Amino acid sequence: MSNPSILVSGASIAGPALAYWLGRAGWEVTVVERFDRLRDEGQNIDVRGAGREVLRRMGLEEAVLAAHTRETGMDFVDEQGQPVASFPAGTDDSSGGTAEVEILRGRLGELLHDLSSPGADYRFGDQIAALHDDGHGVDVEFHHGPARRFDAVVIAEGLRSRTRSLLLGDAAVHELGLYVAYLTIPRTDTDDTSWRWLICDRSRAVWLRPDNVGTTRASLGLHSAVRGLDRLDRAALVTVLRATFADVGWETPRILDALDDAPLYFEALGQARFPRWSQGRIALLGDAAYCASPISGLGTTLALTGAYVLAGELLGHADPRAGFTRYEELMRPFVEQAQQLAPGHPGELYPDTEQQRAELWDRLRTQAAQDGDWAHPPAEALDLPDYAMTAR
Ligand SMILES: Cc1cc2nc3c(=O)[nH]c(=O)nc-3n(C[C@H](O)[C@H](O)[C@H](O)COP(=O)(O)OP(=O)(O)OC[C@H]3O[C@@H](n4cnc5c(N)ncnc54)[C@H](O)[C@@H]3O)c2cc1C
């Protein structure tokens, strides 16, 4: 009997992690990615708790630590760049606004791709056009490549996955009302090793983060009731961002200047809260299934642990449908905890008035003085199963 075949759609974090485990176990793995290359955009992401344990089991922890962004902590600053409240990086598997494992998203994606590619066939620049599950397998049509049949299909296309609608109809994302523009800009002498964050009035924020590749990662955040900014084309988006942040001081003019040419990734933050993660032989994974948003500090941890659990359950069940069911049973309680944001978040960090900002700064000063810990997300709230596949 031939090895089972699987199609994974999406080559960022969750998709390649799943491809690694299944390819290593001898499955015939195909990964299809809409973009014509691995995507490099984005900023620092952190891997915590159970996610870090998955990295260890993949033999990747050392390589990931070697690619650390060198970020040493978070400083909330005022318009002169003076610290208002400071929080050092975490010193264990799970704590800190800056976690102990902090890596550029693009670099982690590259490491996972390189680790998985000996056992997986990557197809860039294509995507699923149609899926037909007849109970014994899934016939897949692609936009470009020839149609093929697989034993199972996993959609790991991120929060705004379009293929997901083939399973869930028009199930809506839970919008958080927060937009973030992530840019990569030239590093200057004023940039240091901390994540510097200017909270402004009118629900805006600007931040700068160091990276380990000689550039600086800048962001513009806006909390707004307006919907659809993420659907603007780049020229229109740049116009909106320049108008919205025109009066903001500190390093903001430098970021606005870079908007024309800098690598830019813009997203509307939201959470995926769906009643089920699979239908027949087709399942959702990572942000496409259960995005908790960057605010949770656990998006990548959930992607890595979900991929590990899904692979373990698929390998442990002859029928992929049974594996999908067990994967959801194991992961859902963890996801539900991760999706519980602190009360008032994200709006709490995006005050409307100067007065509200002053009150927020006071709270941050108190928090920094009391325990010095910015965040301790529930990254260990999953008892990671010990699957046979991890034996090296
Ligand atoms: C370019 C980019 C930058 C990011 N930057 C940050 C950041 O700065 N901070 C942060 O906290 N999180 C960021 N994220 C999100 C973060 O990677 C995820 O929250 C988390 O790691 C879970 O990853 P995922 O693999 O489930 O989904 P994602 O990382 O969202 O990856 C989804 C992948 O699927 C691909 N895709 C989408 N639609 C299709 C389709 N129809 N067919 C085939 N492929 C498709 C996408 O191009 C992407 O490669 C970013 C994601 C991306 C894609």
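## Cysteines in the core

C200 counts as buried, because its relative accessibility is 2%, and residues under 20% are classed that way. The model you are looking at is predicted, so these values are computed from its atoms. C291 also counts as buried, with a relative accessibility of 3%.

What about bonds between cysteines? A disulfide is a covalent bond between the sulfur atoms of two cysteines. This structure holds zero disulfides.

Let's start with N44, which lies in strand 3, residues 44–46. Is N44 buried or exposed? N44 counts as buried, because its relative accessibility is 7%. Leaving aside residues up to four places away in sequence, N44 touches T69, E71, E102, I103, L104, R209, P210 and R217. With two of these neighbours there are polar contacts between side chains: 3.4 Å joins N44 and T69, and 3.1 Å joins N44 and E71.

Now find H144, in the loop between strand 9 (138–142) and strand 10 (148–150). H144 counts as exposed because its relative accessibility is 66%, and the cut-off for exposed is over 50%. With residues up to four places away in sequence not counted, H144 touches G125 and D126. For a sense of scale, H144 and L220 are 76 residues apart in sequence, and their C-alpha atoms are 36 Å apart in space.

## A helix with a bend

Helix 10 covers residues 320–338, which makes 19 residues. From its first C-alpha to its last, helix 10 reaches 26 Å, close to the 27 Å expected at 1.5 Å a residue. At the start of helix 10, a side-chain oxygen of D319 comes to within 2.8 Å of the backbone nitrogen of R321. Further along, where does helix 10 bend? The bend is at M331, by about 35°, and a proline, P333, follows within four residues.

The buried residues of helix 10 are P320, G323, F324, Y327, E328, M331, F334, V335 and A338. As you trace them, keep a simple rule in mind. An α-helix has 3.6 residues a turn, so residues three or four places apart point the same way. And what do the buried residues of helix 10 pack against? Their partners are strand 11 (152–155), strand 17 (278–279), strand 18 (282–284), helix 8 (287–290) and helix 9 (299–316).

## Aromatic rings

The structure holds 13 aromatic pairs. One of them is Y20 with W21: the ring centres are 4.9 Å apart and the planes meet at 65°, so this pair is edge-to-face. Y20 counts as buried at 10% relative accessibility, and W21 counts as buried at 1%.

Another pair is W277 with Y290, whose ring centres are 4.9 Å apart and whose planes are at 50°, so the pair is tilted. This pair links distant parts of the chain, 13 residues apart: W277 is in the loop between strand 16 (264–271) and strand 17, while Y290 is in helix 8. W277 counts as buried at 1% relative accessibility, and Y290 is buried with a relative accessible area of 1%.

Finally, look for a group of rings. Which residues form one aromatic cluster? They are F76, F87, W195, W197 and W207.

Terms used
Residues are numbered from 1 along each chain as its sequence is written. This is a predicted model: local features need pLDDT of at least 70, side-chain atom pairs count only at pLDDT 80 or more; totals for chains, interfaces and linings use all residues. Side-chain values use heavy atoms; hydrogens and water are left out. Helices (H or I, at least four residues) and strands (E, at least two) are DSSP runs, numbered from the N terminus. Buried means under 20% relative accessible area, exposed over 50%, partly exposed in between (1.4 Å probe, protein chains only). Contact means heavy atoms within 4.5 Å. A polar contact is a pair of N or O atoms within 3.5 Å; within protein, one must be able to donate a hydrogen and the other to accept it, and residues adjacent in sequence count only if both atoms are side-chain atoms. The expected span of a helix is 1.5 Å times one less than its number of residues. The bend at a residue is the angle between axes fitted to the seven residues ending there and the seven starting there. A disulfide is a pair of cysteine sulfur atoms within 2.5 Å. Rings of Phe, Tyr and Trp (its six-membered ring) pair if their centres lie within 6.5 Å; planes under 30 degrees apart count as stacked, over 60 as edge-to-face and the rest as tilted.
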